[in-house]
Amino acid sequence: EYVAANGQHLTKQLPYTAGNGQAGACPKKIKGHARAFVDKVNTVTPKSAAQLKAAIAGGPTSVTVCATAGVFQGYTSGVVNSASCGTQLDHAITAVGYGNDGTQDFYIVRNSWTANWGDKGYIKIAAVEGTVGICGIQQTSVWPT
């Protein structure tokens, strides 16, 4: 909704500066004008893997997950499919794709914790129809048009 109302700056205009667990300070002024705009923010139907996949098929989709559990924080490879991940949402990230490893459907999600985390900055989270999802991924998701 913010981007629909105000536009979005490019990463090179406002680079990520956090480190060592400390958030970077927001500047008072940003050089240049916003470069990306959206007309509308669409909400994905909660608990629907099919609807979340449909949104992702249209482009990057904002998802919210529980990122405090060790299974998420310590992720390095494979598909996370564990209830121990939790469902209390505390971290917004971007779903960029989905797939199937032969036994399990999953979402491909880009995290913001640099390429040193996870699988080069990405995590695969199981897609489970009719639930809030692994790590709560199917609770609150939006995509722009």
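Does Asp 105 count as buried, partly exposed or exposed, and at what relative accessibility? Asp 105 counts as partly exposed, at 29% relative accessibility, where buried means under 20% relative accessible area, exposed means over 50%, and partly exposed lies in between (1.4 Å probe, protein chains only). The model is a predicted one, in which local features need pLDDT of at least 70 and side-chain atom pairs count only at pLDDT 80 or more, while totals for chains, interfaces and linings use all residues. Residues are numbered from 1 along each chain as its sequence is written, and side-chain values use heavy atoms, with hydrogens and water left out.

Asp 105 takes part in a salt bridge with Lys 53, the closest N and O atoms being 2.8 Å apart; the term stands for a side-chain nitrogen of Lys or Arg within 4 Å of a carboxyl oxygen of Asp or Glu. This pair links distant parts of the chain, since Lys 53 sits in helix α2 (residues 49-58) and Asp 105 in strand β5, 52 residues apart. Helices (H or I, at least four residues) and strands (E, at least two) are DSSP runs, numbered from the N terminus. Lys 53 is buried, with a relative accessible area of 17%, and the structure holds one salt bridge.

Strand β4 (residues 91-100) runs antiparallel to β5 and is joined to it by six bridges, with Asn 100 standing opposite Asp 105. The two strands form a hairpin with four residues between them, and Gly 102 in the turn has a positive phi of about 105°. With β6, strand β5 pairs in the antiparallel sense over five bridges, and Tyr 107 stands opposite Ile 125 in β6.

The loop between β5 (105-110) and β6 (122-126) holds Trp 113, which pairs with Phe 72 in helix α3 (residues 70-73), 41 residues apart. Aromatic rings of Phe, Tyr and Trp (its six-membered ring) pair if their centres lie within 6.5 Å, and planes under 30 degrees apart count as stacked, over 60 as edge-to-face and the rest as tilted. The rings of Phe 72 and Trp 113 have centres 5.6 Å apart and planes at 90°, so this pair is edge-to-face. Phe 72 is buried, with a relative accessible area of 0%, whereas Trp 113 is partly exposed at 29%. Trp 113 also forms an edge-to-face pair with Trp 117, at 5.4 Å centre to centre and 85° between the planes. Phe 72, Tyr 75, Trp 113 and Trp 117 form one aromatic cluster.

Notes
Two strands pair if DSSP finds at least two bridges between them.
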